[in-house]
Amino acid sequence: MAGGGGEGEGESKRILILGATGYIGKFIALAGPSLGHPTFALIRSSTIASKPDLVQSLRSAGISILQVKKKTHPSHHASLISSFNFDCLFWCMPFQSDGS
């Protein structure tokens, strides 16, 4: 079957992107709504302030922005992430083992 086929094909999936304002993350984020999936981006308030045009372009594409406090590691938002019942998570950020 074209496109991989299989069970669940055509179903809408709730997608969360971490790192949606980065070089690769923005392209992954924009793919979600273009394929009909409700897409969310977890973005730090400091990034929203420093990249307003990019954040607006994500919003204009149909991506819902979930704003979090500055300098808070995304792993601290597990309850927020789980409360939305996402089907898919894309981590498009560098991993920092020092806890920052």
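Residues are numbered from 1 along each chain as its sequence is written, and side-chain values use heavy atoms, with hydrogens and water left out. Because the model is predicted, local features need pLDDT of at least 70 and side-chain atom pairs count only at pLDDT 80 or more, whereas totals for chains, interfaces and linings use all residues.

**The whole chain**

Begin with a cartoon view of the protein, whose secondary structure comes to four helices and four strands; helices (H or I, at least four residues) and strands (E, at least two) are DSSP runs, numbered from the N terminus. Followed along the sequence, the pattern is β-α-β-α-α-β-α-β. Of the 100 residues, 30% count as buried, where buried means under 20% relative accessible area, exposed over 50%, and partly exposed in between (1.4 Å probe, protein chains only).

**The nonpolar cores**

Next select I15, I17, A20, A29, A41, I43, I48, V55, L58, I63 and I65, the eleven residues of the largest nonpolar core. A core here is a set of buried Ala, Val, Leu, Ile, Met, Phe, Trp, Tyr and Cys residues joined through side-chain atoms within 4.5 Å. A second, separate core has seven residues, among them L16, F40, V68 and F86.

Now centre the view on I43 and leave aside its neighbours within four places in sequence: the residues in contact with I43 (heavy atoms within 4.5 Å) are T21, I48, V55, L58, I65, L66, Q67 and V68.

**The aromatic cluster**

Select F40, F84 and F86, which ring pairs link into a cluster. The structure holds four aromatic pairs; rings of Phe, Tyr and Trp (its six-membered ring) pair if their centres lie within 6.5 Å, with planes under 30 degrees apart counted as stacked, over 60 as edge-to-face and the rest as tilted. The F40 and F84 rings have their centres 5.9 Å apart and their planes at 50°, so this pair is tilted. F40 lies in strand β2 and F84 in the loop between α4 (78-83) and β4 (88-91), so the pair ties together parts that are 44 residues apart in sequence. F40 counts as buried at 11% relative accessibility, while F84 is partly exposed, with a relative accessible area of 26%.

The pair of F40 and F86 is edge-to-face, 5.2 Å centre to centre with 70° between the planes. F86, like F84, is to be found in the loop between α4 and β4, and the pair links parts of the chain 46 residues apart.

**P38 and the surface**

Move to P38 in the loop between α1 and β2, which counts as partly exposed at 33% relative accessibility. P38 is in contact with S12, K13, R14 and I15, once its neighbours within four places in sequence are left aside. A C-alpha to C-alpha distance from P38 to R14 gives 5.1 Å, although the two are 24 residues apart in sequence.
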